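Let's take a friendly walk through one protein model. Have a look at the sequence and the fold first, and then read on.

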Amino acid sequence: MSPGDAAGTFARIGREAALLGFEYCVHGMRLPVPVTRPRTSLFTNYPADWEQRYLERGYIDVDPTVLHGMRSSRPILWSDELFHNSRELWEEAQSFGVRHGWAQSQRDPEGNYSLLVLARSEDELGEAELQHMSPRMQWLAHTSHLAMKSCNDSATEVRESIELSEREINVLRWTAEGKTSAEIADILKISERTVNFHVNNAVTKLGACNKTSAAVRAAILGLIW
């Protein structure tokens with residue numbers, strides 16, 4: 001699946017979903033920066049009335065599919081048990097013909113997160129179909145993540161624009177562990193003044209307000225490991 005504009009890319013995802021036997025699909029992506037206001041995108045070909053209802057009711061905040069995807073990259077199948085604590089959402093979705101679904105999330109080293117949902121109105125997903133189709137469905141989740149990320153990959157652009165030295169990375173790594181400048185100086189066998197010099201350089205390069213903010217930002221962007 002080649003990159004392009006987000007809407008066009010999602011249309012291709014929808015066509016792939018249809019080939020797998022799903023009339024509906026949803027792709028949501030959250031980019032990690034800025035940290036306090038992560039950018040999100042949501043594309044869906046659900047019935048328009050259900051899409052509007054879902055957004056108006058704020059169902060995204062209680063949707064167990066979304067909550068599961070935030071915690072785990074394991075595929076999940078819709079069921080009565082999954083929606084046990086979200087009965088209103090579950091009943092409304094079914095009333096709009098959105099009855100059977102599967103989802104899987106993806107998270108990459110740059111901190112980008114996405115969730116692909118495949119759904120349909122008829123024919124429950126049986127064990128035999130899942131066993132046969134799962135590799136292709138998981139391939140689509142992975143490929144969709146890469147394709148949609150390429151449409152708006154601000155995290156990678158930011159990451160590639162920041163060049164931290166090896167010493168700055170080491171200092172930030174220990175800062176992320178909660179070590180003070182004095183403790184880091186002792187660990188790295190350098191002076192505390194040198195530690196603070198590297199910390200200040202990293203703070204400036206990362207556009208952070210202090211060393212804690214710099215360590216968090218560097219971790220989210222995959223600059224320290």
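Helices (H or I, at least four residues) and strands (E, at least two) are DSSP runs, numbered from the N terminus. Just after helix α8, Lys189 takes a positive phi of about 60°. This is a predicted model, in which local features need pLDDT of at least 70, side-chain atom pairs count only at pLDDT 80 or more, and totals for chains, interfaces and linings use all residues. Residues are numbered from 1 along each chain as its sequence is written, and side-chain values use heavy atoms, leaving out hydrogens and water.

Now for an aromatic pair. Rings of Phe, Tyr and Trp (its six-membered ring) pair if their centres lie within 6.5 Å; planes under 30 degrees apart count as stacked, over 60 as edge-to-face and the rest as tilted. The structure holds nine such pairs. One of them joins Trp50 and Tyr54, edge-to-face, with 5.8 Å centre to centre and 75° between the planes. Both residues lie in helix α2, four residues apart, about one turn of the helix. Trp50 and Tyr54 also belong to one aromatic cluster with Tyr59 and Phe96.

| Residue | Relative accessibility | Class |
|---|---|---|
| Trp50 | 2% | buried |
| Tyr54 | 12% | buried |

Back in helix α8 (residues 181-188), the buried residues are Ser181, Ile184, Ala185 and Leu188. They share one side of α8 because they cover an arc of only 105° around the axis, taken from the directions from the helix axis to the C-beta atoms.

Methods: Buried < 20%, exposed > 50% of the residue type's maximum accessible area, 1.4 Å probe, protein only.
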